[in-house]
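This report describes the fold, the packing and the charged side-chain pairs of a single protein chain. The sequence and the structure are shown first, and the description follows.

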Amino acid sequence: MKIGILLKEGPYNHQAADTAYRFVEAAIRKGHTVDAVFLYNDGVNNVTKMMDPPQDDRHIAARWDQLHKAHGVEILACIAASKRRGICDEVLIEGGEITGLGTLTDIAIRNDRLLTFGD
């Protein structure tokens, strides 16, 4: 099954980012294809290089970057949500990309399922 993910919550203040990441890991382990993760609203904060968590905490941005590198999952941040939060290409993780909402529509069309994490 091909799966697209929509993540609408930021890191560290809501469980959605952790749950989405763990779901993606499990889906890939079970042989499914996760095509893309589209970040919307505060979700765009998940892919900024600006985060610097304590050494004993999880590094959420690094997780998404590793997922992209290991499995080719597109990590896409909404341009409007990014601009509202001061996020530009220079502060994105290596595997991240800023794109428009039309891309979310494409993700929904080309995948068997689109799962939303967050309110």
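Asn-41 is found in the loop between S2 and H2. The model is predicted, and in it the phi angle of Asn-41 is near 50°, a positive value in a residue other than glycine. Because its relative accessibility is 27%, Asn-41 counts as partly exposed.

A positive phi also occurs at Tyr-12, with a value of about 70°, although Tyr-12 is not a glycine. Tyr-12 belongs to the loop between S1 and H1. With a relative accessibility of 32%, Tyr-12 counts as partly exposed.

## Overall architecture

The chain contains four helices and five strands. Along the sequence these elements follow the pattern β-α-β-α-β-α-β-α-β.

The C-alpha trace spans about 35 × 30 × 25 Å along its principal axes. A compact globule of 119 residues would have a radius of gyration near 14 Å, and the 13 Å of the chain agrees with this. Buried residues account for 47% of the 119 residues. The accessible surface comes to about 6300 Å², and carbon and sulfur atoms contribute 47% of it. Of the contacts between residues at least 6 apart in sequence, 75% join residues at least 24 apart.

## The sheet

The five strands form an open sheet in the order S4-S3-S2-S1-S5, with parallel pairing. S4 and strand S5 (113-117) stand at the edges; each has a single partner strand, so one side of each is left without a neighbour in the sheet. From one strand to the next, the twist averages 25°.

S2 and strand S3 (residues 74-78) run parallel and are joined by four bridges. Val-37 has Ile-75 in S3 as its bridge partner.

## Helices against the sheet

H1 packs on the sheet, where it touches strand S1 (2-7), S2 and S5. The direction of H1 makes about 170° with that of S1. H4 lies across S1, S2, S3, S4 and S5, and runs at about 155° to S2.

## A buried loop residue

Is Val-47 buried or exposed? At 1% relative accessibility, Val-47 counts as buried, because the cut-off for that class is under 20%. Val-47 is found in the loop between S2 and H2.

Leaving aside residues up to four places away in sequence, Val-47 touches Leu-39, Ala-61, Trp-64, Ile-75, Ala-77, Val-91, Leu-92 and Ile-93. The C-alpha atoms of Val-47 and Ala-17 are 11 Å apart in space, and the two residues are 30 apart in sequence.

## Salt bridges

How many salt bridges does the model contain? The count comes to nine. One of them pairs the side chains of Asp-35 and Arg-110, with an N to O distance of 2.4 Å. This pair links distant parts of the chain, since Asp-35 lies in strand S2 (residues 33-39) and Arg-110 in helix H4 (residues 101-110), 75 residues apart. Asp-35 is buried, with a relative accessible area of 16%, whereas Arg-110, at 34% relative accessibility, counts as partly exposed.

A salt bridge also joins Asp-42 and Arg-85, whose closest N and O atoms are 2.7 Å apart. Asp-42 lies in the loop between S2 and helix H2 (60-71), and Arg-85 in the loop between helix H3 (79-84) and strand S4 (96-99), so the pair ties together parts that are 43 residues apart in sequence. Asp-42 counts as partly exposed at 31% relative accessibility, and Arg-85 counts as partly exposed at 31%. Salt bridges that share partners join Asp-18, Asp-57, Arg-58 and Arg-63 into one network.

Within helix H1 (residues 16-29), Arg-22 and Glu-25 are three residues apart, which means that about one helical turn separates them. These two residues form a salt bridge in which the closest N and O atoms are 4.0 Å apart. Glu-25 counts as partly exposed, at 26% relative accessibility.

Terms used. Residues numbered from 1 in each chain as written. Predicted model: local features only at pLDDT ≥ 70, side-chain atom pairs only at ≥ 80, totals over all residues. Heavy atoms only, no water. Helix = DSSP H or I, 4+ residues; strand = E, 2+ residues; numbered from the N terminus. Buried < 20%, exposed > 50% of the residue type's maximum accessible area, 1.4 Å probe, protein only. Pairing = 2+ DSSP bridges. Axes fitted to C-alpha atoms, helices over the stretch in contact; angles between N-to-C directions. Contact = heavy atoms within 4.5 Å. Rg over C-alpha atoms; globule rule 2.2 N^0.38 Å. Areas by Shrake-Rupley, 256 points an atom, 1.4 Å probe, with all protein chains shown as cover.
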